[in-house]
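Dear colleague,

Please find below the structure I promised to hand over, together with its sequence. I would be grateful if you would look through it alongside the notes that come after it.

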Amino acid sequence: MKVGWKTFTSQSARRDLLCTVPCHLTPRNGATVPSRHRERVCNLPIRESPDHLENIDISLILITLVSNFYPLVLRNKTCGELRKEHNGQSVTLAGWVDSVRDHSGVLFINLRDRYGLTQIVFLQENDEKLSETVRSLHPEDVVQIVGKVGLRPEGIVNKKIPTGEIEVTAESLTVLNRTAVVPFQPSAPEVPAEETRLKYRYLDLRRPPMQKTLLLRHRICKVLRDYFDELGFVEVETPMLGKSTPEGARDYLVPSRVAQGQFYALPQSPQIYKQILMIAGYDRYFQIARCFRDEDLRADRQPEFTQLDVEMSFVNSEDVIETINGLVVRLMKEVLGRELNPSPATQGVRAGAQPTAPPGTGVPIPRMGYDEAMERFGHDAPDLRFGMELIDLTDLAKTVEFRVFRSVADDGGRVRAINAKGAAEKYSRKDIDGLNTWVIEQFGAKGVAWLKVDADGKLAGPIAKNFTESELAEMTKKLGAKPNDFILFSADTFSVTCKVLNGLRRRLAAELGLIDPNEMNFCWIVRFPMFDWDEENKRWIAMHHPFTAPLTGDVSYMDSDPGKIRAQAYDLVLNGFELGGGTIRIHDSAIQSKVFDLLGFTHESAKEQFGFLLEALQFGAPPHGGIALGLDRLVMLFGGLDNIRDCIAFPKTTKAADLMTGAPSPVAEKQLDELAISVKKSEP
Ligand code: ASP
């Protein structure tokens, strides 16, 4: 049976592509092309419709495929690869047209792929057809170039790009695909509106900064995997379709078709599964795990996100912290090329005590108790790259006449302040009004009071007249106030003063340029409270999750004063962001039941939700604990970025929508019927 050429050029669009198939093939005895080869042949670029070729011998094709394999490849170098040493080599490049330039009749294109950019020059003055094709190109057309590498003439070497010393003189050009008119050009310096970027994500992902970030993400994942693998951790996948996990957010639910009316919950984290893996004896687990939380989204949150999830058996908090310290050292070195050396002062202390001390033992990442963090910074993920710590003036406020301060202090509230050194001149009345409105709107505060220090070192401002000379002197002392300092006060409940002053501290530091953008400032926050009192519902809620173990010494408060119990919990903070957190878990089912009790679970409801865990805990659960780090955030901070969506290939908007695919979207009535679900139509 003969095969006609048309078999290979089934799509008309391919007809105007140029052919790199050797055209000397002649019709012979013929055979059908096995579909797998047909596919391959079909994908070959075709120079022209070779009408003179009716039929082709398949065996010849196969031989040609093998013997001419190299000429058939669409490229043998990338656009980021060529250097001086390649001078004189013949190369085949393929990529996207970044730009086309006509310099007095000499045509250039910049050819781009994810590896870089190569300048192509067309010297065939007499080849009008080729020149015409080049002139017809648009940015984002896909082309193949065969040509020769040459050194760029002196004076036009481009030091800004790695391929800037060479250019490729084109011998032929193949248009592999034409682009439609692009809504934005990936190489343009101006960044399009985010909506446009998300809708045309494939174009956005062609932008070099996005490519850099996705490669960084890949690099980070590789380092994580290598690190844990070397330490004997095992990566285990846990289910997506499972039972609700108790991380405190709303679940994404998936209806079951088989068991109508019943639902799976997408995991908020693999928390319970990883604990069960410890009970199953897996000892050291990690996973780069997708998690889903249906929360109100903020700029740095996504409904689905990725965590580095870790769990270890026979460990205490120190072991987990030090294992992660080792990871931080490794990431800093392998991703950023920076050292975070163990300090000689602390190294060896623990290593001596325990021969199998984790690799991060002695790494100089400071630790701070939760209470201290809230006192000094008003936040449990303090940004330690700058000072401007909170100063408490409550005792002084109890002695003054000024009612705004006095009444708050007398009622058990707090009066605290920050001192923005040397910033008095930088904030006008109008600016301060702006700060005032901001704290009212953002933090539900009553407002912010302020004073400036004048050139003589005196506290001045509208509220100064409410204080006696000696009160002002005392305040000056406490605040360490010097000429031109700008003092901002918050007088409110402890919680509101924390929010207001943490907010102002961060905002002013950014406005005053106090932050070194290259600094990577890590710290651990430890000794968290176990429970938070939910005033609205009058009940205790778990500050981490209900499987967190209390500090051994605090168990006795379980009945008397649960608010006093501190947890065996630890959070890793980087540059003022919570990078992750974890806890040592309760491995004793009696304590676990007690905690459930305190959290208001009835025996039945605990059994209903976590019965399988409670049951598993009875079958020889080892002491265990773990941690999870937010991968998206890690990438964001290691990449020096400020938008989490830029760290995710296909992110959602703050309304949890995927603008490229249009998800979420309505589904067919039939699909709903199969699930026995009907959608309540909201009133128009
Ligand atoms: N499951 C916790 C979380 O996702 C982390 C942990 O305790 O390991 O925040």
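The notes below begin with the chain as a whole and then turn to individual elements.

Please bear in mind that this is a predicted model.

Overall chain

The protein chain holds 21 helices and 22 strands. Of its 684 residues, 49% are buried. The chain exposes about 34500 Å², and carbon and sulfur atoms supply 52% of that area. Among the contacts with a separation of 6 or more, 69% are accounted for by residues 24 or more positions apart.

The eight-stranded sheet

An open sheet is formed by eight strands, in the order β6-β9-β10-β22-β21-β20-β17-β11, with mixed pairing. At its edges stand β6 and β11 (367-369), each with a single partner strand, so one side of each has no neighbour in the sheet.

Within this sheet, β10 (residues 304-313) pairs with β9 (residues 284-292) in the antiparallel sense, over nine bridges. One of the residue pairs is Arg-284 with its bridge partner Met-312 in β10. β10 also pairs with β22 (residues 624-630), again in the antiparallel sense, over seven bridges. Here Asp-309 stands opposite Ala-628 in β22. β10 is mostly covered, with nine of its ten residues buried.

A buried lysine

In which helix does Lys-274 lie? The residue belongs to α8 (residues 271-279). Lys-274 has a relative accessible area of 1% and is therefore buried, the cut-off for that class being under 20%. Leaving aside residues up to four places away in sequence, Lys-274 touches Tyr-285, Asp-309, Val-310, Glu-311, Arg-585 and Ile-627.

A hairpin

Strands β18 (residues 531-534) and β19 (residues 539-542) pair in the antiparallel sense over four bridges. Phe-531 has Ala-542 in β19 as its bridge partner. The two strands, β18 and β19, form a hairpin with four residues between them. In the turn, Lys-538 has a positive phi of about 50 degrees.

A nonpolar surface patch

On the surface, Met-240, Leu-241 and Tyr-264 form a nonpolar patch, and together they have about 250 Å² of accessible area. Met-240 is placed in the loop between β6 (234-235) and β7 (253-255). Is Met-240 buried, exposed or partly exposed? Its relative accessibility is 34%, so Met-240 counts as partly exposed.

With kind regards

Methods: Residues numbered from 1 in each chain as written. Predicted model: local features only at pLDDT ≥ 70, side-chain atom pairs only at ≥ 80, totals over all residues. Heavy atoms only, no water. Patch = residues over 30% accessible without salt bridge, like charges linked within 9 Å, V, L, I, M, F, W, Y side chains within 5 Å. Areas by Shrake-Rupley, 256 points an atom, 1.4 Å probe, with all protein chains shown as cover. Salt bridge = Lys/Arg side-chain N within 4 Å of Asp/Glu carboxyl O. Buried < 20%, exposed > 50% of the residue type's maximum accessible area, 1.4 Å probe, protein only. Pairing = 2+ DSSP bridges. Contact = heavy atoms within 4.5 Å.
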